[in-house]
Amino acid sequence: MRRIIIGFSKPKGFFKPFSWLIRLVECTPYSHVYIKAHSDSLDIDLIYQASGTQVNFMGLSHFSDHAISLYEFSLDITDDHYAEFMRWAIFNSGSSYSLKQALGILLVKMFNLNRNPFSNGRSSWVCSELAG
């Protein structure tokens, strides 16, 4: 069995208007969702996320320099499912972060829409969708 962790965070530092807007609209103390997994072969915790301009991996220590983890939930998965997740994650790394989709989430909340008008399938991602 392997363990992956779904985490919720907010940035360190004060002036982070995109994070403020997400927390305001969603009414949550966090503005970011990530997946944490341990690489046994490299002996390092990896963060998989959609942030900045793209989907990416980074080491936990670098992530912790920039973010405050607020909540984490562990999920135990089989070795085969872990390998499948890692293949999928590597395949999707480098995909674009979707500002358009994030704007659509805002519109869904503001106008009680049934669906995101700017959803664009799997060509780009937002962090919560990626972790989901």
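User: Hi! How do S3 and strand S4 pair?
Analyst: S3 and S4 (residues 54–59) run antiparallel and share six bridges. Strands are DSSP E runs of at least two residues, and helices are H or I runs of at least four, numbered from the N terminus; two strands pair if DSSP finds at least two bridges between them. This is a predicted model, where local features need pLDDT of at least 70 and side-chain atom pairs pLDDT 80 or more, while totals for chains, interfaces and linings use all residues. Residues count from 1 along each chain, and side-chain values use heavy atoms, without hydrogens or water.

User: Which residue in S4 is the bridge partner of Ile47?
Analyst: Met58 in S4 is the partner of Ile47.

User: What about the turn?
Analyst: The S3 and S4 hairpin has two residues between its strands, and Gly52 there takes a positive phi near 65°.

User: New topic: what volume does the largest pocket have?
Analyst: About 460 Å³. A pocket is an open set of points on a 1 Å grid where a 1.4 Å probe fits, with protein on both sides within 12 Å along at least five of seven lines; lining residues have an atom within 4 Å of a point. The volume is the space filled by probe spheres on the points, joined across faces, edges and corners.

User: Which residues are closest to its centre?
Analyst: Of 19 lining residues, Pro11, His32, Gln49, Ser51 and Gly52 are the closest to the centre of the largest pocket. Strand S1 (2–11), helix H1 (17–26), S3 (44–51) and helix H2 (60–66) each give two or more residues to that lining.

User: And the second largest pocket?
Analyst: The second largest pocket holds about 360 Å³. Among its 19 lining residues, Ile22, Glu26, Ser31, Ala102 and Ile105 lie nearest its centre.
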